[in-house]
Amino acid sequence: MPPLHVEPTVRNSVPRHEGVTTILLTTLNVVGVLVGYIITMLLARQLANDEFEQYIGAIATLGLLASLGEAGFGKYGLRIVPVFVAGTQPSPLRSYLRFALGGTLLMSLLVGLGVAMIQAPMLETHQRNVMFLAIVSLPVVAAAGVTIDLLMALQMATRATLVSRVLVPLTTLWLVGITTIEMGITPFRAVLCFCAGSTVGLIVGMLLLIGRSRHYANKSTDTSVLSTWARDSFSYLVFYALIAWLFRATLVVAYHVPHQGHQVAILAPAFETGCLILLLAKATDKYFQPMIALGLETSQWRRLTEMRRTRLWVISSGVLIFLATVFFAGDEILMLYGERFAASYIPLCIVAFGSSVWTLFSLSPTFLLFAGERRTLLSLLCIHAVSLVVLLVLFFEAFGAAGAAAAYSISISSFAISNLLFANRHFRKLRSRSMSRRKQGRGQLSSRREPRPS
């Protein structure tokens, strides 16, 4: 892909007050977490163990498939949309927005059709109906996710977070409550409420996206640009699909492999609680990713360093509070799901530790991806994706829910630390090269200004 031109005004377009915005986004995410917690607790109390496993299995599978359905369009948008916005000349911004949403719908339809054909002979009738509903809703959920990413790329972080972390879960909670009171909740109806909430989020997000994009003059695009977008988006799809696999595969694989008792039901609250800290990383990362893109384009190494320090200060405080809460109050939190979930405490602590390690260093893979180190990132992803499956099969059979939690924590912690080491090394290399070029440029300029001997 040819280098993207950035006008001098880009330096002034980078948002300031990162700390204040990060805290605001974190607060909104906490609200969303609390609402989501109420939804899961309500369903855990109303559904039997096997019904709760059906709901968890369908939602976990839907989340994993949505990462494939998004096809990398939203994540790639976080890379190029801020550069389009920063320019003063007309850009293909609106063309890319249409391209991203259309590509998402097409990809999710293809993924859903393929998975439906595979899943049909594997599940019993009552399980198949719940899973098929989730698969049918895949295009809506995937499109909603891409819309949120594009709003983030357009630097509408607060409104995007309000939609995804407040409006959607509140709508879902209201629907679950009404359904429980009026006709009784079932796994099928619970998944239907979840998908309806995503539909509301997609509609509101699209209205915001259309309203914002109208302010930018559009530049006509040719076929070669569309093919470039498709190729680069596919590379982002591979990376982010593998990352989604690391986070979502544990529940999905555990649900589909033979297991004794209700180990998936025990594992679900541990992941629901232990992965809450990931929302902090997810919200703040989407705020900082456009800054990384602009910083790399304009070689603002000092600003990137300051941004990392600001983020680390906020994130570290949140991680310490989260771990202390889990270790000392985990039993009481799990009792909110019901007394039968007391056995989830050990898996909860294990999952919380791995999720916290990732949260501290979650921007490292984005930096490697944006900086062009795709081969390094892909190698690390493949290694840890395979190791997760191997450890999961071995540990889940031997130790149940605690073993599955250990497989997740080992894999995700190793992946986070490996990315940090490679990202730091590449950052130093880029900064050194940039400083060398600047010194050479100053030397050539001074030599040209020296008076010639008479």
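How many salt bridges does a search of the whole structure find?

1. The search finds 2 salt bridges (a side-chain nitrogen of Lys or Arg within 4 Å of a carboxyl oxygen of Asp or Glu). This is a predicted model, in which local features need pLDDT of at least 70 and side-chain atom pairs count only at pLDDT 80 or more, while totals for chains, interfaces and linings use all residues. Residues are numbered from 1 along each chain as its sequence is written, and side-chain values use heavy atoms, with hydrogens and water left out.

2. Glu70 and Lys75 are joined by a salt bridge of 3.4 Å, N to O. Glu70 counts as buried at 12% relative accessibility, and Lys75 is buried with a relative accessible area of 16% (buried means under 20% relative accessible area, exposed over 50%, partly exposed in between, with a 1.4 Å probe and protein chains only).

3. Lys75 also forms a salt bridge with Asp149, their closest N and O atoms being 2.9 Å apart. Asp149 lies in helix α7 (residues 138-153) and Lys75 in helix α4 (residues 73-86), so this pair ties together parts that are 74 residues apart in sequence. Helices are DSSP runs (H or I, at least four residues), numbered from the N terminus. Asp149 is buried, as is Lys75. Through shared partners, the salt bridges join Glu70, Lys75 and Asp149 into one network.

4. On the surface, Val386, Val390 and Leu394 form a nonpolar patch with about 280 Å² of accessible area together. Patches are made of residues with over 30% relative accessible area and no salt bridge; like charges are joined within 9 Å, and nonpolar side chains (Val, Leu, Ile, Met, Phe, Trp, Tyr) within 5 Å. Accessible areas come from the Shrake-Rupley method with a 1.4 Å probe; for residues, only the protein chains shown count as cover. Leu394 is located in helix α16 (residues 374-399) and is exposed, at a relative accessible area of 53%.

Technical notes. Helix = DSSP H or I, 4+ residues; strand = E, 2+ residues; numbered from the N terminus.
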